[in-house]
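Work through the following exercises with the sequence and the model at hand. Each task is followed by a solution that goes step by step.

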Amino acid sequence: MLSDDVFRDRLEQTLVDIERWAATIRDCADVGIAASDRYWRIAVVPEEDLACAFELMIRSDQKFGLKLAAETYEDRPIERFDIFPALVRAIEAGRVDKIEMYNTMTDALVGIAMRVELAPGWDWIGDRRIARATAAEEWRTRRFLPYRR
């Protein structure tokens, strides 16, 4: 964990960058920003139906939560700050994949992953298992659209 002073300084720089980005997409998305002493939150709902809505919450306890479409990831440790501006820009650009994993024997959904391509070779991945992994799984991927087309 970072000291509070270092954390706050890096967080402030990051939030300025994200809020500057948010101002540029207000023509194609509904943006809501809220803050308190304990958190900063942005919720973005694009006008394009097939683009990925998201909510990002950065907390003062050096953890974050992210909701991508209907998938939620909470209490993730903040390991680096450059991920957040890259994340919001990648979501806007449509570089988000929803990967559903199905058991090939029963066609039952066994897992869901969300992958955001931040840059070539740099992905953020959140996943959750619904059932135990099997040797025979089929992955079905859906790519979200960019906010602007």
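**Exercise 1: the cysteines**

In this predicted model, the sulfur of Cys-52 lies 14 Å from the closest cysteine sulfur, which belongs to Cys-28, and this is too far for a bond.

Task: Work out how many disulfides a search of the whole structure finds, and decide whether Cys-28 is buried or exposed.

Solution. Begin with the cut-off, since a disulfide requires two cysteine sulfur atoms within 2.5 Å. The search of the whole structure finds zero disulfides, and Cys-28 is accordingly in none, the nearest cysteine sulfur being that of Cys-52 at 14 Å. Turn next to accessibility, where buried means under 20% relative accessible area. Cys-28, with a relative accessible area of 7%, is buried, and Cys-52, at 0%, counts as buried too.

**Exercise 2: helix H2**

Task: Find how many residues of helix H2 are buried, and list the elements against which they pack.

Solution. Helix H2 spans residues 83–92, and nine of its ten residues are buried, among them Phe-84, Leu-87 and Ile-91. These buried residues pack against helix H1 and against strands E3, E4, E6, E7 and E8. After the helix comes Gly-94, whose phi is positive, near 85°.

**Exercise 3: the largest pocket**

Task: Determine which element gives the most to the lining of the largest pocket.

Solution. The largest pocket holds about 200 Å³ of space and is lined by 15 residues, with Arg-8, Leu-11, Ser-36, Asp-37 and Ser-60 nearest its centre. H1, E2 and E3 each supply at least two lining residues, and H1 gives the most, with six. By type, the lining divides into seven nonpolar, two polar and six charged residues.

Notes
Residues numbered from 1 in each chain as written. Predicted model: local features only at pLDDT ≥ 70, side-chain atom pairs only at ≥ 80, totals over all residues. Heavy atoms only, no water. Buried < 20%, exposed > 50% of the residue type's maximum accessible area, 1.4 Å probe, protein only. Helix = DSSP H or I, 4+ residues; strand = E, 2+ residues; numbered from the N terminus. Contact = heavy atoms within 4.5 Å. 1 Å grid on protein atoms, 1.4 Å probe; cavity = no way out; pocket = protein on both sides within 12 Å on 5 of 7 lines; lining within 4 Å. Points joined across faces, edges and corners; volume = space filled by probe spheres on them. Nonpolar A, V, L, I, M, F, W, Y, C, P; charged D, E, K, R; others polar.
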